[in-house]
Amino acid sequence: MSIGNFAAAALAAGLAWASQDTAWAQTYTCPTLGPVSGNTITQEFPAGGPGGMFKPAWMVSFGFATAKGLYITGAWFRKKPTDPWMQVIYDARLSDIFVPYHSGSPRYYDLSTFSFNLVNATAADAGPCGRVLGGKVVNQLRTNALLWKADTDVRYANELVLWATLGAANYNYVMSYGFRDDGQISLRIGATSHNLPSVPMESHMHDGLWRIDMDLNGAPNDSAYWMVHTEPSGSPLQASDTMAAFNGGVEGSAVWDALKFNYVLIQDQLLVNGRGHKVSYEFMPVRMGRAVHDELFSKADFWVTRYHPGEDMYKNVTTYVNGESVMNTDDVIWHMSPLHHEPRDEDGFIDNGYWNGVAMVMWGGLDLMPRNLWDRSPLYPNN
Amino acid sequence: MKSPLFPAAPAAFAALILAIAPTPVFCAAAAIPAQRGVVSDDVPAAVAARLRDLVQPRTMAAGVGRLVFVGAEPARIKGERSTGPEVAGAPKAYLVTQYRYADDTTIYTTIDAATNRVLARREARHVPTPITAEELAAARELALGDARVREALGADANKLTVEALGLYSEDRKDRIYGHRAMSLLFRKGALYRAGLEVIVDLTTRSVTVTRRAPNNEHR
């Protein structure tokens, strides 16, 4: 649908924003959203690379449920239509959201202790080019981030985005999953809405507790590694980067250090690209700091376990760690994304006994960046 | 883990504890109907109802004798390799969650979708388990029946929407350890009643009320 047509429809619905920026609205054509079958979207992206030889696509399945919010039940990628689908994710979700207040209490588990539902999504949520799926999930194709720039050449990333909002009483959590045409995946939690009315000015954390069941090229044959940057290394001017088996190759945890640029890397042991390099995904934290609480699971930022059915509760991740190998097997990655919320005047104020205001969205999460998925610069025409 | 009910009193909040002593309100052990429970968006209502009827007793005792149908969700059965979405139709199995008040136990039952056969069943004690809409309704009734809550809410008491945040503690010394408890919020349109903490413990059917002076100051 063109933006002009959408504007007409939106005006009919009484949406105020529809009249904004008329000039832009007259020239912009919305990108085409892919077909939906059940809870699965297949999104093809514009061609790129030498002679337009690549035309990437994602196929993404999702679910949404009470006390779980929005989650991914499978993601497959291909670089061109003639390629077979390559599985990347079996399941990705927020296993829980932990919210400890600075005074020591309360300490909420916002997913596992109450039956919160996703709020209904509206046309205003979807924006001029998006759509609402199942009444709760917003599906957009975002095209406003640079993928690469080379002097006067440019390509914008195209990203299939699915997001929804958990109504957690006074608070709202935006759960967002993005799948980009270069193979990158973004997992995001956004915290917003009303501060806790009983103590609206008390600082607190919102820890997004992610569980990502990575099935790169299928469930078996994945290995977990821990990446470390060291500087200085050798001499004061030198630095080095090392890749070692995560926790010595067995289930366990790792503490993220900003000085070491740490991340987890999941590598399939059988899948190689055209240059013979093994295909991996790098789990890059998107965060404002580290949160370490009294709870055992929070003592580390990453955990890696071997997949077992029923091992799905982040709070219990320490009990899942029992010395099994995380090399050449089926791995699950656990990561805590802390959001540190210090109330400010912008959050609102108590007005005649009632809290009046909303906290702006704070974001955290992970980027899952492909390594050697391509054997050339993605969608760059000159190589 | 720190106590979510009785933290060291932070001076900054100048908390005015109106009533720490909970008010026990025990119900008679009358039979009540099995609950409707929570229906996940990804499980059709009719399927959830069928699963509920498979696992829930027709009638049960009230109070700590209760067995709550928390909900049902598709149970994913992982294959070795997947080349596309597993499901075009219904899931092969469902995971049903129940909560037993008597011993703070959560029961997980995996049921074959086609045959209704129980494939697996396990129990776990003292784990976070979602509080249901029916339990929120019970907590609301308890709270609004409490004179301290009604006094705190004033003339708005019956006009407010009641929401809740579930409480959970691993601290054996905590009053809510092993209990089904929630903190209630009272909402008028987009506004929430500030400075009022109402905690309902459904296991002991008690209400705790804390009022704090309005405080618009922050760091």
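A polar contact is a pair of N or O atoms within 3.5 Å, in which, within protein, one atom must be able to donate a hydrogen and the other to accept it. In the predicted model examined here, 19 residue pairs, both members at pLDDT 80 or more, are in polar contact across the interface of chain B and chain A. On the side of chain B that touches chain A, the elements giving two or more residues are the chain B strands β8 (161–167), β9 (181–188), β10 (191–193) and β11 (196–201). That side of chain B comprises 28 nonpolar, 20 charged and 14 polar residues.

The extent of the interface was also computed. The size of an interface is often given as the accessible area lost when the parts come together. Between chain A and chain B, about 5300 Å² is buried, and carbon and sulfur atoms give 55% of this area. Chain A contributes 66 residues to the contact, and chain B contributes 62 residues.

Charged side chains also meet between the two chains. Three salt bridges are counted between chain B and chain A. In a salt bridge between A:K68 and B:E73, the N to O distance is 3.1 Å.

Strand pairing likewise links the chains. Strand β21 of chain A (residues 354–356) runs antiparallel to β10 of chain B, and two bridges join these strands. Within this pairing, A:Y354 lies opposite B:R193 of β10 in chain B.

Chain A itself is assigned two parts, domain 1 (1–30) and domain 2 (34–371). The centres of domain 1 and domain 2 of chain A, taken over C-alpha atoms, are separated by 32 Å.

Note on methods
Residues are numbered from 1 along each chain as its sequence is written. Chains are lettered from A and ligands numbered from 1 in the order in which they are written. This is a predicted model: local features need pLDDT of at least 70, side-chain atom pairs count only at pLDDT 80 or more; totals for chains, interfaces and linings use all residues. Side-chain values use heavy atoms; hydrogens and water are left out. Contact means heavy atoms within 4.5 Å. Buried area is the accessible area (1.4 Å probe) that two parts lose on being put together, summed over both. A salt bridge is a side-chain nitrogen of Lys or Arg within 4 Å of a carboxyl oxygen of Asp or Glu. A polar contact is a pair of N or O atoms within 3.5 Å; within protein, one must be able to donate a hydrogen and the other to accept it, and residues adjacent in sequence count only if both atoms are side-chain atoms. Helices (H or I, at least four residues) and strands (E, at least two) are DSSP runs, numbered from the N terminus. Ala, Val, Leu, Ile, Met, Phe, Trp, Tyr, Cys and Pro count as nonpolar, Asp, Glu, Lys and Arg as charged, and the others, Gly among them, as polar. Two strands pair if DSSP finds at least two bridges between them. Domain bounds come from an automatic or database domain assignment.
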